[in-house]
Every structure is written in structure tokens, then in C-alpha cells.
Amino acid sequence: SVSLTMLATLFSPFLTPLNFTLWGQAYEPAQHIMKEIDVTYFQLAETVLVLLVIPMIAGMLFSNRFPKLTLGIKKPIRIISLVIFAAFVVVAFSKNVDLFLAFIGAIFLLVLFHNLTAFFGGWLVGLVGKLPVNEKKSIIIETGIQNSGLALVVIFNFFDGLGGMALVAAWWGIWHILAGLGIASVMRLWKS
């Protein structure tokens, strides 16, 4: 699971701008926005490095060096990170309440479809690869639960908190918490 997250994180500075360009040009209403967006690989790489890679490596080193202390601070750190994420979501929603109310149905369905497709894709990869159950579970979770906190940071840093993007990422984050808890509960029952 950690390896998959690290690989996705390391490739994100290259794949994110590529995906924006590819999908933005494929969707005609977004083409005018594409001219206004200026995200370089180096800007995104720096953001990912500072927000994800350095903290992840520092956390792994800290956990390895101080395992007992890590167990003691794990719960407070989770709570703090959840509060920080909630603050991002509140900011995204508070700046876009009218958009949220107008488009919640479409946003909800879009995020739900994306998430179910990702979970199913992860399950399919594990099935086709004939992987052991624990590896299938890791791939399902890694494919289905994405870093919406990073998405919000990128949207606020590079896209000025563009309303529709921020709302999708904010709802995406809330939904991933709910879906993650749900899928984890189901997976506890999955033995073979």
C-alpha cells in the first residue's frame, strides 16, 4: 500500500499536468480555461515534494526510529490531519455555496461513479493478477481512495480555488472518507 502510494505520488508531478492538458482539451467547454492555466512540472513537483514526499519519508523514518512514540502519537496526528482536511473542505464549500447547491446532484453522481469505477478497477487488477487477498485489498483501497487534500491544495495554489474544481475535490474528500470506512468494513469480512 505504501509502495503504491509512493509511486503514485512520485509520478503525479508529471501525470497531473498531462491529464489536465489531455482531458481539458477533450472537453470543449473547458478549452477556454486551458489557456488560462499555467502549471509547470516543477511547480507541481515542488508542491508534491513539500506536502507529501518529505512528510511521508520523515514519518517513515520517525516511525522506524521511535516505534513506541509513534504508536502514542498516531491517534492525535490522525485527528489533527482530519481537522486540517476539514478546514480545506469548509473553505472550498464556503466560497462556493451557490455552486454547491446548484450542482450537488451532478457532483455527487460524478464522484460516486468515479469512486466505484476505481474500486472495481482495483478489484479487477487483483483478480486478473491472481494476487493474494491482502494484496487485492491494498490495490482496491489504493485505486479507490485518492488524496483529495492534495487535490484541494493544487486547486487553491494553481487554479485560484476555481469553484467547480474545488467543490468536486471537497465532496470527493468527504465521500472518500465515507467510502473508505465502508469498504474497510466490508474487507474485514473478506478472508479468501
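Analyst: Buried means under 20% relative accessible area, exposed means over 50%, and partly exposed lies in between (1.4 Å probe, protein chains only). The model is predicted, so that local features need pLDDT of at least 70 and side-chain atom pairs count only at pLDDT 80 or more, whereas totals for chains, interfaces and linings use all residues. Residues are numbered from 1 along each chain as its sequence is written, and side-chain values use heavy atoms, with hydrogens and water left out.

The protein has eight helices and zero strands; these elements are DSSP runs numbered from the N terminus, with at least four residues (H or I) for a helix and at least two (E) for a strand. A search of the whole structure finds four aromatic pairs. Rings of Phe, Tyr and Trp (its six-membered ring) pair if their centres lie within 6.5 Å; planes under 30 degrees apart count as stacked, over 60 as edge-to-face and the rest as tilted.

One of the pairs joins Phe108 and Trp171, with centres 5.8 Å apart and planes at 50°, so this pair is tilted. Phe108 belongs to helix α5 (residues 97-128) and Trp171 to helix α8 (residues 163-189), so the pair ties together parts 63 residues apart in sequence. Phe108 is partly exposed at 29% relative accessible area, whereas Trp171 counts as buried at 14%.

Another tilted pair is formed by Phe120 and Trp123, at 5.6 Å centre to centre and 35° between the planes. Phe120 and Trp123 are three residues apart in helix α5, hence separated by about one helical turn. Phe120 is partly exposed at 49%, and Trp123 is partly exposed at 32%.

Ring pairs also link Phe108, Trp171 and Trp175 into a cluster.
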